[in-house]
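Morning, everyone. I have one structure to walk you through today. Please bring it up on your screens.

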Amino acid sequence: SFFRKHYTCLTTMRVLSLLVPLLFVAFGLATDVKGVVNLDSVTFSKLVGTPNFHVFVKFDKQYPFGDKEDQFKEFAKRIGGLTTVDDVLLAQVGVQEYGDKLNDDLREKFGVKVEDFPVYKLFLKGSTEPINYKGEITADSLVRFLKSELKIYIGLPGCLEEYDKLAAGYLGLSKEEQSSRLQQAEGALAKLAKDGDKESAKFYIGMMKKVAEKGKDSVSQEKARLEKLVESKITDEKKKVMRTKLNILPSFTA
């Protein structure tokens, strides 16, 4: 009858919903992310704290899914595609909440709360003391964090390579050298054709002027201001503009 067929279909769906996660566990498919090393309680200390690599670690449930995991995969794809960064490794620690509680000891060791998953920590070469990541879980934000902490060049949406070169080292220059860079930046503005590039260039120039007038702390102050705006109740379009400006700020180094 119709009801018997309907019941059989529902029963089959329930069985499959139980079997699919078990298949992922059996074959280890769910945690695999291209370009990311899976660590456990044994292998963690063999990689983290060594002098060869900076290691950016994600602590998460063993089989994560959803938008935050998609953002992590996009982030891993971007970092993996860089040819200029060969001393940075991405890793993840999958924590079992039940059963054997695999890697729960690592979670406890580094003070990670299950309700905060995913949690990101950067371990610099030779160090087992992490730098905690506290920003948004987006590919751009994660790249921005690595760019800022490791002082490496990674082009982000809104960044202009010519202006990034002018911003590099700007915070440590004399007033005369800063003035020279500012003139170069203003001169290059007229050569830009795209409206988006022009807006980015104007922000670089504005920050150069602000640093020259008020000092290098202007960059961290602007970062705090923009991050607060992103978390506020402004439109998605305005948030996109704020995030683009946040992408540019790590280009200003000493």
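**A lysine in the sheet**

Let's start at one residue. Lys121 lies in strand E4, which covers residues 119-123. Keep in mind that this is a predicted model.

Is Lys121 buried or exposed? Its relative accessible area is 6%. Buried means under 20%, so Lys121 counts as buried.

What is around Lys121? Leave aside its neighbours within four places in sequence.

The side chains of Lys121 and Asn132 are joined by a polar contact of 2.6 Å. Now look at Tyr133. Along the chain, Tyr133 is twelve residues from Lys121, yet their C-alpha atoms are separated by 5.8 Å.

**The sheet as a whole**

Zoom out. The protein chain has ten helices and five strands. In which order do the five strands sit in the sheet? The order is E1-E3-E2-E4-E5, the sheet is open, and the pairing is mixed. Strand E1, residues 36-39, and strand E5, residues 131-132, are the edge strands, and each pairs on one side only.

Helix H5, residues 139-150, packs on this sheet. H5 touches strands E2, E3, E4 and E5. The direction of H5 makes about 20° with that of E4.

Strands of a sheet pair through backbone hydrogen bonds, either parallel or antiparallel.

Here, E1 and E3 run parallel, joined by four bridges. E2 and E3 also pair in the parallel sense, over eight bridges.

How covered is E3? Mostly: seven of its eight residues are buried.

Lys58 is found in strand E2. Its relative accessible area is 1%, so Lys58 is buried too.

**Aromatic rings**

Next, the rings. How many aromatic pairs does the structure hold? The count is 15.

One of them is Phe72 with Phe75. This pair is tilted, with 6.4 Å centre to centre and 35° between the planes. Why are Phe72 and Phe75 about one helical turn apart? Because they are three residues apart in helix H3, residues 67-80. Both Phe72 and Phe75 are buried.

Another pair is Tyr204 with Phe252. This one is also tilted: 6.2 Å centre to centre, 35° between the planes. The pair links distant parts of the chain, 48 residues apart. Tyr204 is in helix H8, residues 195-214. Phe252 is in the segment after helix H10, residues 236-248. Tyr204 has 0% relative accessibility, so it counts as buried. Phe252 has 5%, so it counts as buried as well.

Then there is a cluster. Which residues form it? Phe56, Phe72, Phe75, Tyr120, Tyr133 and Phe145 form one aromatic cluster.

The protein chain has 254 residues, and 38% of them count as buried. Consider contacts between residues at least 6 apart in sequence. Of these, 65% join residues at least 24 apart.

Finally, confidence. The protein chain averages a pLDDT of 88, and 87% of the residues score at least 70. Where does pLDDT stay under 50? One stretch is residues 5-13, for which the model has zero contacts beyond four places in sequence. Another is residues 15-30, where the pLDDT is below 50. That stretch has six contacts in the model beyond near neighbours in sequence.

That's my tour. Over to you.

Terms used:
Residues numbered from 1 in each chain as written. Predicted model: local features only at pLDDT ≥ 70, side-chain atom pairs only at ≥ 80, totals over all residues. Heavy atoms only, no water. Helix = DSSP H or I, 4+ residues; strand = E, 2+ residues; numbered from the N terminus. Buried < 20%, exposed > 50% of the residue type's maximum accessible area, 1.4 Å probe, protein only. Polar contact = N/O pair within 3.5 Å; in protein donor to acceptor, adjacent residues only side chain to side chain. Pairing = 2+ DSSP bridges. Contact = heavy atoms within 4.5 Å. Axes fitted to C-alpha atoms, helices over the stretch in contact; angles between N-to-C directions. pLDDT = per-residue confidence, 0-100. Phe/Tyr/Trp six-rings, centres within 6.5 Å; stacked < 30°, edge-to-face > 60°.
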